[in-house]
Amino acid sequence: MADFSLSFDLPHPDDTDALGALFAGFMARNRALLTEHGLTVRLYGDLGAGKTSFVRAILRTLNFQGPVKSPTFALVETYPVLGITLNHFDFYRFEDPMEFEDAGFRDFFGPGFATFTEWTEKAEPFVPDADIVIDLTHVGLGRHARLTAKSDLGRSVLEDIQTRHA
């Protein structure tokens, strides 16, 4: 499958939230697909680029009411939504990729999970392949997002976002 990408300028924090809401909309309309196949998303960007803000926007759109924290110190935060579990990993503190295997984190991916990872390169090659890669970069006071599909499921998500983004 050839990569399929979308790019968005996000000059204001509300724009990041709106993109997260579009992403969440796909998830809400396709719960059965997430239950059956799962979804894996890799988030790339410098500190403060908006990775956790994006995940928070998804969770808020899906009516998650509790706190949404950066997983930097906990390594993973889990959230029950849509009858699945959304996992948000941050591997920044890993010193050795084997920590992923030793902790049994592979069990947090696959059917019934939407899993978002930060600093994924610190856990490679053990992290399962991504359906979508999202690169967030600072642009002035705002951000730029590039979303790239790496699977047929990822392409479906991005095509849905493209159709609904106006």
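**View 1. The hairpin of S3 and S4 in the predicted model.** Two strands, S3 and S4, form a hairpin with 2 residues between them. Leu82 in this hairpin takes a positive phi near 60°. The pairing of S3 with S4 is antiparallel and extends over 6 bridges. Val81 stands opposite Ile84, a residue of S4.

**View 2. The open sheet of 7 strands.** The strand order is S1-S7-S6-S2-S5-S4-S3, and the pairing is mixed. Strand S1 (4-10) and strand S3 (76-81) are the edge strands, each pairing on one side only. On average, neighbouring strands of this sheet are turned by 15° against each other, direction ignored.

**View 3. The pairing of strands S2 and S5.** Strand S2 covers residues 39-44 and strand S5 covers residues 113-118. The two strands pair in the parallel sense over 5 bridges. Thr40 has Thr115 in S5 as its bridge partner.

**View 4. Helices H1 and H5 across the sheet strands.** Helix H1 (residues 13-29) lies across S1, S2, strand S4 (84-90), S5, strand S6 (132-139) and S7. Helix H1 runs at about 145° to S1. Helix H5 (residues 152-164) lies across S1, S2, S6 and S7, and its angle to S1 is about 45°.

**View 5. Gly25 in helix H1.** Gly25 counts as buried because its relative accessibility is 14%, below the 20% cut-off. From Gly25 to Glu77 the C-alpha to C-alpha distance is 21 Å. In sequence, Gly25 and Glu77 are 52 residues apart.

View 6. Arg143 is buried yet has no salt bridge. The nearest side chain of opposite charge is that of Asp17, 6.3 Å away, whereas a salt bridge requires a side-chain nitrogen of Lys or Arg within 4 Å of a carboxyl oxygen of Asp or Glu. A polar contact of 3.0 Å links the side chain of Arg143 to the side chain of Thr16.

**View 7. Contacts of Arg143 beyond its neighbours within four places in sequence.** Arg143 is in contact with Phe8, Asp9, Leu10 and Pro11, among others. The contact list also includes Thr16, Gly48, Ala49, Gly50 and Ser53. Thr137 and His138 are likewise in contact with Arg143.

How values were computed:
Residues are numbered from 1 along each chain as its sequence is written. This is a predicted model: local features need pLDDT of at least 70, side-chain atom pairs count only at pLDDT 80 or more; totals for chains, interfaces and linings use all residues. Side-chain values use heavy atoms; hydrogens and water are left out. Buried means under 20% relative accessible area, exposed over 50%, partly exposed in between (1.4 Å probe, protein chains only). Lys and Arg count as positive and Asp and Glu as negative; His and the chain ends are not counted. A polar contact is a pair of N or O atoms within 3.5 Å; within protein, one must be able to donate a hydrogen and the other to accept it, and residues adjacent in sequence count only if both atoms are side-chain atoms. Contact means heavy atoms within 4.5 Å. Two strands pair if DSSP finds at least two bridges between them. Helices (H or I, at least four residues) and strands (E, at least two) are DSSP runs, numbered from the N terminus. Axes are lines fitted to C-alpha atoms, for helices over the stretch in contact, and angles run from 0 to 180 degrees between N-to-C directions.
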